[in-house]
Amino acid sequence: RCYILSNENGKIQLSLRQSRLNPKSKNKVEDVEITCINDVKKDQLVRGYVKSITPSGVFFGLSTSVLGRILFQNVSPYFVQKHSLYEKYLPEGKLLTAKVLGVNGKGKHVELSLLPEDTGMPSILPESLGLPKYGAEEEKREAGDREQGEELKMKTKRRRGNSESEQVWMSLCRTLVALHHLPLLQEAKPKKKKICPADENDSGIEVYYREEDDDDQEEEAAKKKSKIRKPSEVPRLQVSTGFTWDEDMNAMNIPMLNQKEESSESEEEEDPQSKLKKQTKKEKELEKQKKEKELCKLEAALMDPNRQPQSADDFDRLVLSSPNSSILWLQYMAFHLQATEIEKARAVAERALKTICFREEQEKLNVWVALLNLENMYGTEETLMKVFERAVQYNEPLKVFQHLCDIYANSEKYKQAEELYHTMLKRFRQEKSVWLKYASFLLKQGQIDATHRLLERALKALPTKEHVDVISRFAQLEFRFGDTEHAKALFESTLSSYPKRTDIWSIYMDIMIKHGSQKEVRDIFERVIHLSLAPKKMKFFFKRYLDYEKKFGTTESVLAVKRAALEYVETKSSLADT
């Protein structure tokens, strides 16, 4: 059933809303129907479908007539450079919950948001992608601007200190020239600084760049003067170390010269140090990017469900996610055993027994059996017995005994297994499964006579109602591992005593079809179809006989079975008439 909304230009719009199909029903409507833009209110939570993704944002369909837009900054808190990533996580037609940020009734615009803090839903883009957040990008830029500003301030302070030392040096040279009546060797023109009204409150960055521009202009002017020198210019006086100064003047001169040399050296060393700093920053960024890529790869590998655990940490994560799974704990033990870390495997088993819930009895039993196997292979008889005694206390004793017998038999410790079976026959003599498991063990060892004696003991120990089933099970074991003739004799004696046990007849037929000849099988079928059984049971055996002849016999044998079935039906109908 559906509701027809409109039928225009050969296009039919349908609705499956229960509120339209059953208008009288009082069920609560989860998604209120939006027919026009007036139905949308600010701060309202609405559900809709993704229509398309364009460079201006994601277009979101609230109904057939109302379309909303979601800006990329409101899609996810993570900054995405390539918008093609949205197409992967926002396929067309995906149902999502959004919050209404604003409604423009005149322009019929609806602004929406998919951010988790607005909708209460998880983010569209998973955190495992390692994408940066919008706030984190701005903080990084601000921190970089602060560092750059501090570096520039330090450079301006150094330059100002150097200019002050140069001024002191020039004043000292002038005083010396005035004392000795010598022409000035080199006169440095003071820099014309552009003083802005807001120079005192300058940030330091602009001061650095203005001074650097002045230096560059002076260097260029000096180069031009050196290249093009007027002929009328008198060359300046070139003086070697020919002056003799007083002791006081020397004392003043030497530290000033040293200071000037140190300042020039510090200026020369600034550039390579700053370059090194820049290089280290780039290297740090590259290292961060590499680490983020490695983390993304690692997270993607960990999220892969088909990934096999490769380390102890991987197994720890798995057992934390599924603490009651004995398979994971056994794999964890096997991982340590492959590395011959026996003690660690024991510790994992003990940890599993403490972690698995007490209601999961079978899961705990699996771990106990694994621990018994471990002690049997790598431990001593004493450690094995200690684990066995603990396992008997915390589990059903019969199951623990049977598992230890199987462990002994699989590890070819037949003497210990036989001793344990004798203990079981004394402790669980009323349990049929114990006699059958011991019989199977003896037949696998070739002890046929001991199996016959065990059957006599079992018939004496078990109640009478279990005798027929026990004899048939012993006969089946004889067919598999022992004497087939003795097995046939057991079945024949049982069927002669209990001829109407159709279940024993069926088992006997199945075994003879596998292990006997066709003549023996046909003899059994002929005996069965002449028994006085219920019509339903006779129909079952006639059908089995017919199927067997169709598969292994001839057309004559098939017709013979059909004639026998027809004769049986006629005799039954005649008896019913009389």
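**Helix α13 and the pairs around it**

Author: On the face of α13 that points away from its buried side sit the exposed residues Lys415 and Lys426. Buried means under 20% relative accessible area, exposed means over 50%, and partly exposed is in between (1.4 Å probe, protein chains only). Helices are DSSP runs of H or I with at least four residues, strands are runs of E with at least two, and both are numbered from the N terminus.

The model is predicted: local features need pLDDT of at least 70, side-chain atom pairs count only at pLDDT 80 or more, and totals for chains, interfaces and linings use all residues. Residues are numbered from 1 along each chain as its sequence is written, and side-chain values use heavy atoms, without hydrogens and water.

Helix α13 covers residues 414–427, which is 14 residues. From first to last C-alpha it reaches 20 Å, close to the expected 20 Å; the expected span is 1.5 Å times one less than the number of residues. Its buried residues include Ala417, Leu420, Tyr421, Met424 and Leu425. These cover an arc of only 145 degrees around the axis, so they are on the same side of α13. The arc is taken from the directions from the helix axis to the C-beta atoms. Among the elements covering the buried residues are α12, α14 and α15 (448–461), where contact means heavy atoms within 4.5 Å.

Tyr421 also belongs to an aromatic cluster with Tyr414, Tyr438 and Phe441. Rings of Phe, Tyr and Trp (its six-membered ring) pair if their centres lie within 6.5 Å; planes under 30 degrees apart count as stacked, over 60 as edge-to-face and the rest as tilted.

Asp406 and Lys437 form one, with the closest N and O atoms 3.3 Å apart. Asp406 is in α12 (residues 397–410) and Lys437 in α14 (residues 432–444), so the bridge ties together parts 31 residues apart in sequence. Asp406 is partly exposed at 30% relative accessibility, and Lys437 is partly exposed at 26%.

The whole structure has 17 salt bridges. Another of them joins Glu492 and Arg527, at 3.1 Å from N to O. This pair links distant parts of the chain, Glu492 in α17 (residues 484–497) and Arg527 in α19, 35 residues apart. Glu343 is exposed at 58%, whereas Arg346 is buried at 18%. Together with Glu375, both are linked in a network of salt bridges.

Aromatic pairs number 17 in the whole structure. In one of them, the rings of Trp368 and Tyr394 have centres 6.0 Å apart and planes at 15 degrees, so this pair is stacked. Trp368 lies in α10 (residues 361–378) and Tyr394 in α11 (residues 381–394), 26 residues apart. Trp368 is buried at 5% relative accessibility, but Tyr394 is exposed at 60%. Phe525 and Tyr548 make a tilted pair, 5.9 Å centre to centre with 35 degrees between the planes. Phe525 is in α19 (residues 518–529) and Tyr548 in α20 (residues 535–552). Both Phe525 and Tyr548 are buried.

How values were computed
A salt bridge is a side-chain nitrogen of Lys or Arg within 4 Å of a carboxyl oxygen of Asp or Glu.
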